[in-house]
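Colleague: Could you walk me through this model before I set anything up? I'd like to start with the overall layout.

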Amino acid sequence: MKAKIIETDTAFPETIIFKVKSEKKLKFLPGQFASIKALSKNRAYSICSNPEDNFLEFCIKGTGEISRHLTNLKVGDEIELEGPYGNFIFKNSKKKNIIFVSTGSGIAPIKSLINQAIKDKSKKILLYFGVKKRENLYYEEHFKSLEKENKNFRFIPVFSREGKKRHVLDVIKEDIKDFNDIESYICGVPIMVKEVKEFFLEKGINESDILTEQY
Ligand SMILES: Cc1cc2nc3c(=O)[nH]c(=O)nc-3n(C[C@H](O)[C@H](O)[C@H](O)COP(=O)(O)OP(=O)(O)OC[C@H]3O[C@@H](n4cnc5c(N)ncnc54)[C@H](O)[C@@H]3O)c2cc1C
């Protein structure tokens with residue numbers, strides 16, 4: 001279906017965050033993605049917004065021909081999208097602790113998932129968000145204000161190319177000592193997803209409690 005761009009944010013290097021209004025409201029679950037058609041090709045993009053919003057939001061990093069084309073779109077331009085697709089969705093399990101881990105534009109589905117998870121105040125929620133530098137830290141204000149409003153949520157940004165130059169897994173290893181009663185959602189580059197998942201499995205988290213999506 002067709003969707004019109006109603007807002008863009010190009011404050012981050014090589015990236016566009018845009019909101020679109022579609023012909024019909026797309027019913028989706030947090031964590032799912034849409035297939036966006038551009039230059040006659042389809043690419044998957046996770047939905048950052050929430051099902052109750054009257055727009056869809058995407059966060060797209062220009063890494064190739066199609067994604068770069070999308071980063072140049074302007075308010076009023078139309079895109080073609082289909083969906084929703086994907087099983088990277090909230091399990092609604094009884095686990096007390098939820099660890100979200102993401103790198104770069106992998107924050108897209110995680111943002112929507114956290115919005116759903118945070119409604120249950122009995123859960124302790126951690127977000128480890130790895131980017132190169134602070135200038136790449138999407139949604140910093142959003143997650144900081146979520147942290148202020150929700151005592152059960154902690155936001156841990158991790159920078160790989162400035163300050164202590166660490167990766168998300170380094171910080172997770174330092175921070176977390178008790179691996180009981182945990183479920184985890186990991187999204188980002190394949191090497192990070194693989195290493196964090198392997199570490200969690202070593203620590204005894206059940207494979208069925210570790211959901212992953214890689215770009
Ligand atoms: C579930 C999912 C969700 C994603 N969400 C996001 C997101 O929120 N933000 C974001 O920036 N990126 C996201 N991506 C990555 C995105 O789909 C593109 O792969 C990325 O933007 C690069 O596309 P490109 O064509 O510009 O780059 P290119 O380097 O030109 O393409 C990447 C390579 O993968 C191939 N390829 C990529 N997608 C497809 C496809 N659908 N069918 C066939 N071949 C393909 C291309 O042929 C090429 O070889 C997601 C990927 C997946 C699988």
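Modeller: The protein chain is assigned domain 1 (2–85) and domain 2 (97–214), with the bounds taken from an automatic or database domain assignment. This is a predicted model, in which local features need pLDDT of at least 70 and side-chain atom pairs count only at pLDDT 80 or more, while totals for chains, interfaces and linings use all residues. Residues are numbered from 1 along each chain as its sequence is written.

Colleague: How many residues of domain 1 are in contact with domain 2?

Modeller: There are 15 residues of domain 1 in contact with 13 residues of domain 2, where contact means that the C-beta atoms, placed from the backbone, lie within 7 Å. On the side of domain 1 that touches domain 2, the largest share, four residues, comes from β5; strands here are DSSP runs of E with at least two residues, helices are runs of H or I with at least four, and both are numbered from the N terminus. That side divides into 10 nonpolar, four polar and one charged residue, counting Ala, Val, Leu, Ile, Met, Phe, Trp, Tyr, Cys and Pro as nonpolar, Asp, Glu, Lys and Arg as charged, and the others, Gly among them, as polar.

Colleague: And the ligand, why does it lie between the domains?

Modeller: Domain 1 and domain 2 both give residues to the shell around the ligand, so it lies between them. The ligand is surrounded by 19 residues, the closest being Ala44, Gly64, Ile66, Ser67 and Ala108, where a residue belongs if its C-beta atom, placed from the backbone, lies within 6 Å of the molecule.

Colleague: Which element gives the most to that shell?

Modeller: That is β4, with five residues, and β4 (41–46), β5 (56–61) and α1 (65–71) each supply at least two. By class, the shell holds eight nonpolar, seven polar and four charged residues.

Colleague: Switching topic, what is in contact with Phe100?

Modeller: Leaving aside neighbours within four places in sequence, Phe100 is in contact with Ile110, Leu113, Ile114, Leu126, Leu127 and Tyr185.

Colleague: Last one: which strands join β1, and by how many bridges?

Modeller: Strand β1 (residues 2–9) runs antiparallel to β6 (residues 78–85), with three bridges, and antiparallel to β2 (residues 15–22), with six bridges, where pairing requires at least two DSSP bridges. Lys4 has Glu78 as its bridge partner in β6 and Lys21 as its bridge partner in β2.

Conventions:
Contact = placed C-beta atoms within 7 Å.
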